[in-house]
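Take the sequence together with the coordinates below.

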Amino acid sequence: MALLGSSSNVLKDIWLHLYHAAGPKILFTQTYWHQKLLLCSQSCTGMAIPPRLLRPVALVYILERSTTHQEGLPKIPVPPLKQTCERYLAALEPLITREELAHTRTLIAEFLQSGGVGERLQKGLERRARKTENWLSDWWMQSAYLDSRMPIPVYTSPGVVLPQMHFQDRQGQMRFAAKLIAGVLDFKKMVDNETLPVEYLGGKPLCMNQYYQVLSSCRIPGPKKDIVVNYATGKSSSTHITVVHNFQFFVLDVYSSNGMPLTVDQIYVQLEKIWNSSLQTNKEPIGILTSNHRNTWGKAYNNLIKDKTNKDSVRTIQKSIFLVCLDAPMPRVSDDLYYSKVAAQMLHGGGSRWNSGNRWFDKTLQFIVGEDGSCGLTYEHAPAEGPPIVFLVDHVVEYMKKTEFRRAPMVPLPLPQKLRFNITPEVKKDIEKAKQNMNIMVPDLDVQVFNFSHYGKKYLKSIKTSPDAFIQMALQLAYYRIYQTCCPTYESASLRMFKLGRTEAIRSTSTESLRFVQAMDDVSKQDTEKLALLQEAIKAHRAYTHMAIHGQTVDRHLLGLRMQAIEDLTSLPEIFMDTSYAVAMHFNLFTSQASASSSLLFSVGSKTDCVMCIGPMVPDGYGICYNPMGDHINFAVTAFNSCEETNAARLSRFLKEALLDLKSLVEQTLKPSPTGPEEQPDRT
């Protein structure tokens, strides 16, 4: 940002001071800023700037709020019913037998009959679309997250592993945590001032709503259904974060009495006070209650908050801006297992003996800093998808690089308040039950993290291919080589070009991808034919991605029709009772790119060399995250040990081989060209 018409660094600094103090303005007259700068020059610098430097300039700077375009964003469309049914059948083709497909075609034909159930549900959906800002978003949050009764850790909340920090003591842990907290507060300033850079795709602004849902929000358990509450939207926004150490929770006010955020060294001193006030390691891990099955936790929650002290403590955690977990060190492992171990820590905390009780899994944002140098975060998925989290991580990492830790004269600060919990016999029983369940869940999850170092995004762009589509085809090949069949594959696509848009599913398994994987190891096929089939599969994936981000694929439309039938209190149509529908929705490969654009038309990975990890969507499936960097690709693969058919280490090995084999196939017929400029969404 610059003040047009002036080359003075002093004026630029004053402009920035005014900008952050007053918040962004759409347009001000030259005279207004002329007077403001005159006044501010003396208060900021202690001296008056000569008036000749403050003459009104010929041009004024027009600032854009993050939410400027929000009201003008288009509504998400309701796709044509016939189109969705045709695309649904096409998606089923590589997954089911001819007989099953023929049966489903009959059901679809009945569903599409004029005046039939399909037409009635479609009209109901179109009415809902006219009356609401987004016909999908509430249903999506409800069906994908809040109705789910599975535990949050492993089953829905992703983890993010940051590069290993080189500290091995509590002082290093405190310094890092202090800078991290300051970085998140700097991000919050952009949220509060609406100065987040607006993302664009193809010259069109994207919905920024999710960026405003991740701070000061929390999931609240219910006996049958959860809710999410955003405390940032109230009359008085929160000024505290929650810090947990040795299972003990503390309130840390991060703003001084004048409304300014605490400095890094002030935060450090407060964290030291928290550490010294929580040296006991025998406290009840109250936070582990949040890891239980949602029905169980819903009942335990109601029991916990019967006590007023407990209720006040829980509310304080829920209302905090975010949560910081100061973790105890984990047992040392070899270097090749380090990131796999830390990824598991981010997902579940390692069990009741370790750090699983050092969490409040319902909190949207939990930053985790271990005494052994491990660090990252886990986030509750209901309020937002990955893009705001990735942007936040990138922002915090860059902030920490620029921020020096300096000791400064200290202003006396109050002792952080320790949150009290009264542990009744009934609460103690609930804690023991949660510990038992967590200790079953932790060893059942196999996590394999690896760095594929042979090539990355630069190389894939040099051969003029989509990095995301290429990696997805490698996944298809790896899975096919193990199981001699393909499976439903889910990749998340962003619907943020629409108002309040969340996600749509990219179905990476296609007729074209099946033809390719079948041909790849067929010795009777020439390499040129295999390459042509690979290119067709990549082309099909890109075409489906384009349809998905424009709201023209099948999964969310089918969800809408199904939810409409439930809302109308009618029996579910036969297509939703069909075996083919169950097969189509059983995603054995659940995949996601650690992307700031969440699989838009092209791939823009995180700038930070981080690892994102997710658990499998189904018991006999895999969770796969990847972060394509310039010269390498970070992968995290998860599977359940209780399933004999899945093995995360085996899939990882086959995936590496598939990536190498695809490169060999390409290089036998294509010569890489110099890497062009990296594609990315415009940011203003």
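Which residue's side chain meets that of Arg 507 in a salt bridge? The partner is Asp 555, with 2.8 Å from N to O; a salt bridge here is a side-chain nitrogen of Lys or Arg within 4 Å of a carboxyl oxygen of Asp or Glu. Arg 507 belongs to strand E14 and Asp 555 to helix H18, so the pair ties together parts that are 48 residues apart in sequence. Helices (H or I, at least four residues) and strands (E, at least two) are DSSP runs, numbered from the N terminus. Arg 507 has 7% relative accessibility and counts as buried, and Asp 555 is buried as well, at 5%. Buried stands for under 20% relative accessible area, exposed for over 50%, and partly exposed for what lies in between (1.4 Å probe, protein chains only).

The model is predicted: local features need pLDDT of at least 70, side-chain atom pairs count only at pLDDT 80 or more, and totals for chains, interfaces and linings use all residues. Residues are numbered from 1 along each chain as its sequence is written, and side-chain values use heavy atoms, with hydrogens and water left out.

By the salt-bridge rule the count comes to 29. Another of them joins Glu 199 to Arg 496, whose closest N and O atoms are 2.5 Å apart. Glu 199 sits in the loop between helix H7 (170-193) and strand E2 (200-201), and Arg 496 in the loop between E13 and strand E14 (503-507), so this pair ties together parts that are 297 residues apart in sequence. Both ends are buried: Glu 199 has a relative accessible area of 1% and Arg 496 one of 2%.

Lys 82 is exposed at 54% relative accessibility, whereas Glu 86 is partly exposed at 45%.

Gln 70 is located in the loop between helix H2 (30-45) and H3, and at 11% relative accessibility it counts as buried. Beyond its neighbours within four places in sequence, Gln 70 is in contact (heavy atoms within 4.5 Å) with Cys 207, Met 208, Asn 209, Lys 499 and Leu 500.

A pocket is an open set of points on a 1 Å grid over the protein atoms alone where a 1.4 Å probe fits, with protein on both sides within 12 Å along at least five of seven lines; lining residues have an atom within 4 Å of a point. The largest pocket holds about 1,200 Å³, the volume being the space filled by probe spheres set on the points. Its lining has 47 residues, and Trp 140, Ser 143, Ala 144, Tyr 490 and Met 617 lie nearest the centre. Elements giving two or more residues to this lining include helix H6 (137-146), helix H12 (386-402) and strand E13 (489-494). H18 gives the most, with seven residues.

UniProt, in an unreviewed entry, places the feature "binding site" at positions including Lys 457, Arg 542 and Gln 593. From this set, the lining of the largest pocket takes in Gln 593. Such annotations may be inferred rather than shown by experiment. Lys 457 is in helix H14 (residues 457-462) and is buried at 7% relative accessibility. Arg 542 is in helix H17 (residues 527-549) and is partly exposed at 37%.
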